Amino acid sequence: MNQTVTDPQPLLFFAWLGLGMISFLSSLLTLLIRPDILMALPAMSPTVIAWTHLFILGWLCSLFFAAGYQLTPVVTLNPLASRWMSRIHFVLHLIGMPTMVVSFYTGRYSLLAMGGSFVVFGFILFAINILLSAGLKSKWNHLSLMWVAGIFWLLVGSGVAMVAVFMRLQLVDSSLFSTVLSMHIHTMTIGFFLMILMAAASKLVPMFMLSPEKPQYGTSIAGLTLNGVLFASYFGFHFMDFRYRTALCIIALIALAAYFSQLVFFAITKRRKWDAGMVLFYGANLTLLPVWWFFYRFHNTTNQSPEDLQMLRSAVFTVTFLTFNGCILGMSQKIVPFMLWHHLYSKHLGKAKVPQTIQLLASWTLWSIAIAYLIATFLFLAAQIWNIPQLIRPATIAMLLGFIFVACNAPTFTSHWRHPQLTPFNKKTY
């Protein structure tokens, strides 16, 4: 069968989704046992670093890659260049990610180099695949440019991470190592995750809410501004005094304002009622505002004590974790059932009556997931804003409950997979 733009490789998608769900559950259970990971432990302690990479590489990256392989043909209007390359990437990540987490936890940095090499090589295959897909008779627009920019920063951030590992093995000066590590964190968070989030949102939100896709001035301004901030940071952000860092933080706020204006445009021009997935997605995006505030304070307050820096660093990561997690859970209520529907029913269109995508989910779980997440968000934010570490465990329980509600859709999925619900048309219909 010819490879087309609309052929989304559902089995690869569900393989990434399964890896992500296992990692997400593992990270929540770990946080439930050790809530001090987010507030009390030093940022460079083995437990914190291991948990961070379990969550980011295991959950966030897995879901971004799952979506990336499906959305690239949609955003670039080209088929995926290589399916085999995408499958090799999955195997490399499946081996390398757990190896990295274990090596961080045990402090075995020689093992880290091996696991990191697998993960980075997988990143390179992902980038090559996406860039080839975008470059084949590409119909370039602002979204495809942001998509490719996100992949570029993924490679840069991965390269900086490898430099950080080498410096750790060679016991390089701690201040220089901290600078390189900070560059890695900023590049991956802003350059990769945030850039891809903005591009994906600007493509998917109008589809799901039946809003007009154009104009998208807000997305264009946001992408251009964020890329400018990142390039400026690589030319001296970590060596400038706080006044220059303040200026860059303000420019980043302009990017957020432009992105939010685009989301508002989609919301006021929508032709479909709000559902749980979109409420969750929009609510998660709003947490970018406290992320920016903690980020601004971290970079632009002089004479901070080590305790203040620890608190702000923890707050930036925790709220960023809430942002991307909520966006993924919100969009997954749309994308996951569509992938299963496409695999089971798309070939039967016009030949039989098929169920709608919403029927592939247990209806009671939709708002339950959103409510559980919103409760968890409130508790996590309260813990960071008012410095109440005791709230981390109940916040984790609320998020774990949301995960359980997500898992409750498994019986419905399995039922459709094993027994597709097809109703043949009456002959008189033809």
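Contact here means heavy atoms within 4.5 Å. The structure is a predicted model, in which local features need pLDDT of at least 70 and side-chain atom pairs count only at pLDDT 80 or more, while totals for chains, interfaces and linings use all residues. Residues are numbered from 1 along each chain as its sequence is written, and side-chain values use heavy atoms, with hydrogens and water left out.

**Helix α11 and its partners**

Helices (H or I, at least four residues) are DSSP runs, numbered from the N terminus. Val-336, Pro-337, Leu-340, His-343, Leu-344 and Tyr-345 of α11 are in contact with Phe-413, His-416 and Trp-417 of α14. By class, this contact of α11 with α14 has 7 nonpolar, 2 polar and no charged residues; Ala, Val, Leu, Ile, Met, Phe, Trp, Tyr, Cys and Pro count as nonpolar, Asp, Glu, Lys and Arg as charged, and the others, Gly among them, as polar.

The axes of α11 (residues 306–345) and α14 (residues 410–418) come within 10 Å and cross at roughly 15°. That angle makes α11 roughly parallel to α14. Angles under 35 degrees count as roughly parallel and over 145 as roughly antiparallel. Axes are lines fitted to C-alpha atoms, for helices over the stretch in contact, and angles run from 0 to 180 degrees between N-to-C directions. The crossing of α11 with α14 is left-handed, meaning that the near helix is turned anticlockwise from the far one by less than a right angle.

Helix α11 also packs against α12, at an angle of about 170° and with the axes 10 Å apart. This makes α11 roughly antiparallel to α12. The residues of α11 that meet α12 include Met-311, Phe-321 and Gln-333, and their counterparts in α12 include Leu-366, Tyr-373 and Phe-380.

Helix α12 (residues 363–385) has 23 residues, which at 1.5 Å a residue should span 33 Å; its end C-alpha atoms are 34 Å apart, which agrees. The expected span is 1.5 Å times one less than the number of residues.

Helices α12 and α13 (residues 392–407) pack at an angle of about 165°, with their axes 8 Å apart. The two are therefore roughly antiparallel to each other. Their crossing is left-handed. Among the residues making this contact are Trp-364, Ile-375 and Phe-380 of α12 and Pro-394, Met-399 and Phe-405 of α13. By class, the contact of α12 with α13 has 16 nonpolar, 5 polar and no charged residues.

Ile-375 has 43% relative accessibility and therefore counts as partly exposed; buried means under 20% relative accessible area, exposed over 50%, and partly exposed in between (1.4 Å probe, protein chains only). The C-alpha atoms of Ile-375 and Ser-182 are separated by 31 Å, and these residues lie 193 residues apart along the chain.

**Loop features and a buried threonine**

At 33% relative accessibility, Leu-210 counts as partly exposed. Pro-215 is also in the loop between α6 (174–209) and α7, and a cis peptide bond with omega of about 0° joins Lys-214 and Pro-215.

Thr-219 is in helix α7 (residues 217–234). At 0% relative accessibility, Thr-219 counts as buried. Not counting residues up to four places away in sequence, Thr-219 touches His-142, Leu-143, Met-146, Met-198, Ser-202, Ala-258 and Gln-262.

Note on methods:
Parallel < 35°, antiparallel > 145°, perpendicular 65-115°, else oblique.
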